[in-house]
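Open the model in your viewer and keep the selection panel at hand.

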Amino acid sequence: MPEPTLNSYLLLSAVLFAIGTAGVFLRRNLITILLSIEVMLNAVNLTFVAVDRFRGSVDGQIIVFFVITVAAAEAAVGLAILIALFRHRESLNPDAFTSLKW
Amino acid sequence: MDAISFWAFAAILVIASVLVVGQRNPMHSVFLLIVSFAALSGLYVLLGAPFAAMIQVIVYVGAIMVLFLFVVMLLNTPTEEAPAGGPIRRMFGAGPRHFGAVLSGVFAVELALALRAASTTLPGTDRGTPTPTVYDIGVRLFHEYGFAFEATSVLILVAMVGAIVLARREAR
Amino acid sequence: MSLLLIPLLPFVGFLVNATVGSRLSKSTSATVAVAAMGLSFGVAASVVWSLVHVAPVAGVRALDAVVYTWMQSGGLTIPVEFRVDPLASVMILIITGIGSLIHLYSTAYMHEETDGEYARYFSYLNLFAAFMLVLVLGASFPVMFVGWEGVGLCSYLLIGFWYTKSTAVEAGKKAFVVNRLGDFGFVLGMAAIFATFHTLDFQQVAGRVAQLPAETTVGILTGITLLLFLGATGKSAQLPLYVWLPDAMEGPTPVSALIHAATMVTAGVYMIGRNAVLFGHAPLTLDVVAVVGCLTALMAGTIGLVQNDIKRVLAYSTVSQLGYMFLAMGVGAFAGGIFHLYTHAFFKALLFLGSGAVIHALHGEQDLRRMGGLKRELPITYWTFLTGTLAIAGVPLLSGFFSKDEILGKTFASGHTVLWAVALVTAFLTATYMFRLLYLAFFGARRAGPEGAHGPDPHGHGPGAALRPHLHDAPPAMAIVLVVLAIGSVLAGYVGVPASLGGGNRFEHYLEPSFQAPTMTTIESVLTAAPPVTRSESAPPSESPETEMALMGASVAAALAGIGLASFIYLKRPTVADVLAERLSGLYRLLLGKYFVDEIYDALFVQPIKRVSTVFLWRGVDAGLIDGTVNSVGFAVRGSSAVLRRLQTGSVRAYAMSLFVGVVAIVGYFLWR
């Protein structure tokens with residue numbers, strides 16, 4: 001088993017981010033889309049912490065701290081919007097919300 | 001020992017994330033995401049960032065995922081309907097979904113290349129560096145990042161109010 | 001300086017009546033306007049008084065007043081400067097003096113208008129006076145041009161005063177457009193002067209021109225003066241641009257009196273007089289001026305012989321008398337031309353105002369064929385009108401005799417025998433048609449006029465009213481003015497009694513310095529200087545007293561012959577006129593139709609221009625090209641937006657997709673760098 005280098009962490013992070021992005025496009029359920037976004041955020045966190053380790057500072061972790069906070073806020077608001085939308089349309093399929101169509 | 005842990009955690013993380021994206025039932029997706037977060041925490045510990053790991057578990061898993069769970073249960077959503085057509089059509093059908101998937105793949109490659117190119121100059125895992133303690137983090141947080149800290153607390157307040165307003169049932 | 005007050009006072013009058021006039025009572029508006037003119041006259045008189053006592057400097061006697069520097073650009077500096085010299089002094093006295101009288105007359109004549117219209121009338125009249133004063137007081141071409149254009153504007157406004165009448169509106173437009181053609185010449189002339197002499201001040205130009213020899217062939221000076229003369233023909237209604245003046249009679253009669261008799265139309269004559277040195281150096285142009293003036297006089301005289309509208313006769317008479325003035329300028333008798341301008345102002349204004357009194361009494365009737373026998377019923381009007389008619393016919397002892405005679409004398413003396421003969425014939429015609437007018441209007445019995453003749457004007461009470469036996473003569477405001485002008489028509493000529501009759505011709509001598517270049521010495525300016533090379537800035541040599549007496553006799557004979565002919569036909573045998581008209585019906589129709597000049601102009605110029613404008617410029621360029629371009633911009637936007645709006649699919653995923661594509665592209669770009 002090769003030793004994990006910074007490269008491996010970064011590659012892992014890239015893969016995770018791509019998975020999240022794919023999820024945003026592929027899923028037809030709003031909740032799952034939000035979850036995919038969380039995955040993307042986590043990928044970014046991983047990058048920060050990994051680089052942090054190799055630079056010997058703690059700034060990365062602090063940034064992670066903020067990212068998690070912001071993710072929490074965003075999840076809360078996003079879910080509230082989602083609930084409002086659901087009440088309106090009784091569906092969680094993003095294709096159901098096309099009233100801004102030309 | 002570290003190598004094995006790394007690969008194990010990495011494997012769990014990736015598989016769980018793929019399943020999050022692939023599962024049909026949102027409840028299943030949420031649970032799988034929790035699993036991936038756990039794996040991620042493990043990776044943080046391996047990277048010598050115990051504070052980040054604990055924050056991840058407590059806040060992310062304990063609060064955010066619970067919130068997701070509540071919402072999923074509240075909305076009582078049905079499982080996502082299956083797309084029309086046979087398996088081939090489902091896989092290779094036209095439309096933004098599949099284009100998006102392909103594009104994500106491209107993006108993954110791009111990122112990998114980009115990050116890789118930048119990091120050849122950095123050294124590998126250094127076991128000699130002492131792990132930063134919560135004290136260190138705290139000092140930096142409240143000195144250099146004091147303003148951001150306060151701003152974030154305002155942000156949370158705003159989000160709270162916003163969430164309440166948005167999700168409120170309209171008064172009849 | 002008080003010089004500035006002269007045009008300023010009427011201008012203030014204009015401002016008052018224009019802004020708050022509609023809220024003032026008629027007597028207030030009138031008082032403002034008349035007072036402005038009267039005060040201006042007072043100031044003018046005092047200025048002239050001080051002028052007379054100013055010693056001439058370098059042969060020039062003048063008072064200056066600079067207001068401010070209007071333009072300064074490159075080598076060109078134009079200050080707003082007013083200068084009064086003998087020539088200008090005569091003009092300002094005429095303008096303010098006769099102008100005040102006409103303002104006074106108008107207070108009664110226009111009394112039937114509403115308050116607002118009344119004030120508007122007086123505001124325009126005051127504005128006109130202000131501009132005319134600027135014209136004559138201007139010390140340089142541009143300032144004069146401001147006045148020149150301004151009086152053209154006021155003429156348009158006043159001709160079309162009763163703007164609900166379409167004929168009046170058309171007449172106003174015609175006047176303005178025709179004037180514009182002349183102004184075109186004036187502006188070009190002005191530009192040429194600047195290009196040649198690098199100055200636009202009258203005295204400086206005169207000084208520089210005097211150093212050049214007179215041109216014997218067509219050169220730059222001839223060109224400049226011809227252009228300026230073109231402007232003069234427009235403003236002063238000579239051939240070929242006289243066509244607006246008869247139509248201008250659509251305006252109120254006092255307007256015709258002031259603008260189209262006494263002042264504005266004389267601007268062209270004044271302009272030549274102001275540039276006497278310049279014109280003196282271009283003898284070819286002077287020949288053109290003389291011939292044009294003479295021909296115009298003859299032509300207008302013949303037309304006036306058969307016209308049936310009282311104001312039209314007077315209009316053509318004005319054109320004819322202006323022709324005399326230009327004839328005088330053309331033979332070098334600048335002072336003579338101005339003298340006739342001065343006497344003409346009196347009797348022509350008198351004649352117009354008298355006709356106004358007639359029209360007023362008849363409630364708007366203007367057709368001679370429906371008049372007659374007014375001598376008994378309108379005595380004041382009759383006697384003053386008679387005075388004016390005698391004056392214009394050139395009967396001895398009245399002003400017209402002296403001025404007209406001087407012109408004829410100088411014409412003969414300068415060797416233009418043919419022109420003299422034509423002018424003599426015209427004098428005969430003048431007497432004839434003027435007395436015809438007098439007899440038809442005032443003598444005999446009242447006629448009912450032919451069927452279908454043109455009815456009365458806006459403030460009439462219907463055709464029947466005009467035939468009512470009891471008519472009221474001119475009200476006091478109008479009567480006073482008529483009497484004053486009549487006295488003036490008699491006495492005004494006495495300032496210019498020629499040497500041969502025992503007078504010293506003080507008028508001519510007074511004006512002499514105005515026609516000289518400023519570099520001449522004091523002594524020379526007093527004498528009637530001998531011309532340097534060919535006929536330049538001085539008057540033609542005087543003839544021997546015997547010849548002068550003979551010439552005078554000839555002109556008196558012509559006048560008396562005309563009076564005799566008119567008396568014979570219209571008093572004794574009225575049917576002779578109709579018989580003549582039938583026998584010479586072709587000629588009669590030609591004259592009645594004013595030689596069809598208007599129709600010719602219409603066909604030659606107006607219709608083609610209209611056609612080009614409509615088809616090419618309007619439909620082709622404006623609607624097609626310009627509108628098309630603007631509209632096509634609109635269509636382009638609409639078309640492209642119809643396509644582009646399909647981007648708004650309303651699907652969140654599509655939007656996210658576009659975001660993502662962008663991200664991939666950017667990262668890829670940085671990767672490749």
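Which residues of H4(C) meet H5(C)? In H4(C) they are C:Tyr124, C:Leu127, C:Phe128, C:Phe131, C:Met132, C:Val134 and C:Leu135. Their partners in H5(C) include C:Val143, C:Trp148, C:Cys154 and C:Leu158. To meet here is to be in contact: two residues are in contact if their C-beta atoms, placed from the backbone, lie within 7 Å.

Before moving on, note that this is a predicted model, in which local features need pLDDT of at least 70, side-chain atom pairs count only at pLDDT 80 or more, and totals for chains, interfaces and linings use all residues. Residues are numbered from 1 along each chain as its sequence is written, while chains are lettered from A and ligands numbered from 1 in the order in which they are written.

**Stop 1: H4 and H5 of chain C**

Select residues 115–137 of chain C for helix H4, then 141–159 for helix H5. Helices (H or I, at least four residues) and strands (E, at least two) are DSSP runs, numbered from the N terminus. The two axes come within 7 Å and cross at roughly 155°. Axes are lines fitted to C-alpha atoms, for helices over the stretch in contact, and angles run from 0 to 180 degrees between N-to-C directions. H4(C) is therefore roughly antiparallel to H5(C), a term for angles over 145 degrees. Colour this contact by class: 15 residues are nonpolar, two are polar and none is charged. Ala, Val, Leu, Ile, Met, Phe, Trp, Tyr, Cys and Pro count as nonpolar, Asp, Glu, Lys and Arg as charged, and the others, Gly among them, as polar.

**Stop 2: H14 and H15 of chain C**

Now select residues 310–330 and 334–361 of chain C. These are helices H14 and H15, packed at an angle of about 175° with axes 9 Å apart. This pair, too, is therefore roughly antiparallel. On H14(C), show C:Leu314, C:Tyr324 and C:Met329, which are among the residues that meet H15(C). On H15(C), the residues include C:Phe334, C:Leu341 and C:Phe352. The contact has eleven nonpolar, seven polar and two charged residues.

**Stop 3: the cores**

Which residues have the most contacts inside the largest nonpolar core? They are C:Phe128, C:Leu327, C:Ala349 and C:Leu353, in a core of 200 residues. A nonpolar core is a set of buried Ala, Val, Leu, Ile, Met, Phe, Trp, Tyr and Cys residues joined through C-beta atoms within 7 Å. A residue is buried if 20 or more other C-beta atoms, placed from the backbone, lie within 10 Å of its own. Centre on C:Leu353: beyond its neighbours within four places in sequence, its contacts include C:Tyr105, C:Pro254, C:Met478 and C:Leu485. Apart from this core lies another, of 71 residues, among them A:Leu34, B:Phe6, B:Phe68 and B:Phe107.

**Stop 4: chains A and B**

Switch to chain B. Here there are seven helices and zero strands, and 25% of the 172 residues are buried.

Show both together. The contact takes 70 residues from chain B and 61 residues from chain A. On the side of chain B that touches chain A, 50 residues are nonpolar, 14 polar and six charged.

**Last stop: chain C against chain B**

How many residues of chain C are in contact with chain B? Nine are, and they touch eight residues of chain B. On the chain C side, seven are nonpolar, one is polar and one is charged.

Key
A residue is buried if 20 or more other C-beta atoms lie within 10 Å of its own, exposed if 12 or fewer, and partly exposed in between; C-beta atoms are placed from the backbone. Angles under 35 degrees count as roughly parallel, over 145 as roughly antiparallel, 65 to 115 as roughly perpendicular and the rest as oblique.
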